[in-house]
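Work through the exercises below with the model open beside you. Try each task before reading its solution.

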Amino acid sequence: MKKIAIQGIQGSNHHIVANNYYGKNIKLNECLSFDVLVDSLLNSESEQAVMALENTIAGSIIPNYALIDKYNLHISGEHYLPIHHHLMALPNQTIEDITEVCSHPMALLQCKEFFKQYKHIKLIEDVDTSAVAKRIAEQQLKGVAAIAPKIAAEIFDLSIIEDEIQTIKNNATRFVFLQTTLPENGKSEINKASLKFELDHKRGSLAAMLNVMSDCKLNLTKIQSLPKIETPWKYAFFVDVTFEAYKDYEKAKAIIQIMAEDFKILGEYKNGRL
């Protein structure tokens, strides 16, 4: 049985993604932070890990890019999950009975508009959506609600007070699958790559790099810059590219290797967007 690390506990979005990608015959290693998740991989407690990387509303989870880079982790694939936030609590309560809602900061941010109409409710940040649902059930906390996926209500016997409370209904999160060893993805199935590089701090260096990608028929789907802490005003760039022909990507790799500093391939895998 494959051991998979997730951020959060069963009933979380990471749990849903793990089931969707690996199937249900897996052993979950529940990690309450991404640092613990990475440690689980590095210590061989898990074979692979599921990590959220960006959201259509909240944008990139920047510290996770840094973790992948720092610990030389490899992306073996990706999965896009539509996000559905539900307000849940112990049975036989209405929203007027709720005085506190606890959830992950990202979930609270994505549901901010909904709670503007309920001034009596205090919003409290917590480490995980489903962990709050579990705590409400175990401690029988009345007047407290969680924002979590519907599966959490089923697991912990809670009642849904309000469905689909996210502000933007077509909200989705991109998750990647990580491992410490090089994935064995075949060239025929690879049509996306995640790359990291640094450039000289001079005019036109990034534009020249983007021109190379365009000339090699790569489609840039993501670019994210991170400052280098030890070198003020120097940045590392994390980019995602898609392509139709692997040979075009190989040509681009060869040129980028010459032009860039600290060039690193974070992953070559199948595009998860249909």
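Two strands count as paired if DSSP finds at least two bridges between them. The model used here is predicted.

**Exercise 1. Find how strand β6 and strand β9 pair, and in which sense.**

Step 1. Locate the strands: β6 covers residues 86–89, and β9 covers residues 144–148.
Step 2. Apply the cut-off of at least two bridges. These strands share 3 bridges, in the antiparallel sense.
Step 3. Pick out a facing pair. His86 stands opposite Ala148 in β9.

**Exercise 2. Give the order of the strands in the open sheet, then work out which stand at the edges.**

Step 1. Write down the order of the 5 strands: β8-β7-β9-β6-β10. The pairing is mixed.
Step 2. Look at the ends. β8 (122–125) and β10 (159–162) each have a single partner strand, so one side of each lacks a neighbour in the sheet.
Step 3. From one strand to the next, it averages 35 degrees.
Step 4. Place the helix. Helix α6 (residues 129–139) lies across β6, β7 (100–103) and β9. Its direction makes an angle of about 145 degrees with β9.

**Exercise 3. Trace the salt bridges of Arg174 to Glu78 and to Asp240.**

Step 1. Side chains of opposite charge can pair when their charged atoms come close.
Step 2. Take Glu78. Its side chain meets that of Arg174 in a salt bridge, at 2.7 Å from N to O. Arg174 sits in strand β11 (residues 172–179) and Glu78 in strand β5 (residues 74–82), so the pair ties together parts 96 residues apart in sequence.
Step 3. Take Asp240. It forms a salt bridge with Arg174, with the closest N and O atoms 2.8 Å apart. Asp240 lies in strand β14 (residues 235–242) and Arg174 in β11, so this pair ties together parts 66 residues apart in sequence.
Step 4. Widen the view. Salt bridges that share partners join Glu54, Glu78, Arg174, Lys192, Lys222 and Asp240 into one network.
Step 5. Check burial. The cut-off for buried is under 20% relative accessible area. Arg174 has 1% relative accessibility, so it counts as buried. Glu78 has 5%, so it is buried as well. Asp240 is also buried.

Key:
Residues are numbered from 1 along each chain as its sequence is written. This is a predicted model: local features need pLDDT of at least 70, side-chain atom pairs count only at pLDDT 80 or more; totals for chains, interfaces and linings use all residues. Side-chain values use heavy atoms; hydrogens and water are left out. Helices (H or I, at least four residues) and strands (E, at least two) are DSSP runs, numbered from the N terminus. Axes are lines fitted to C-alpha atoms, for helices over the stretch in contact, and angles run from 0 to 180 degrees between N-to-C directions. Contact means heavy atoms within 4.5 Å. A salt bridge is a side-chain nitrogen of Lys or Arg within 4 Å of a carboxyl oxygen of Asp or Glu. Buried means under 20% relative accessible area, exposed over 50%, partly exposed in between (1.4 Å probe, protein chains only).
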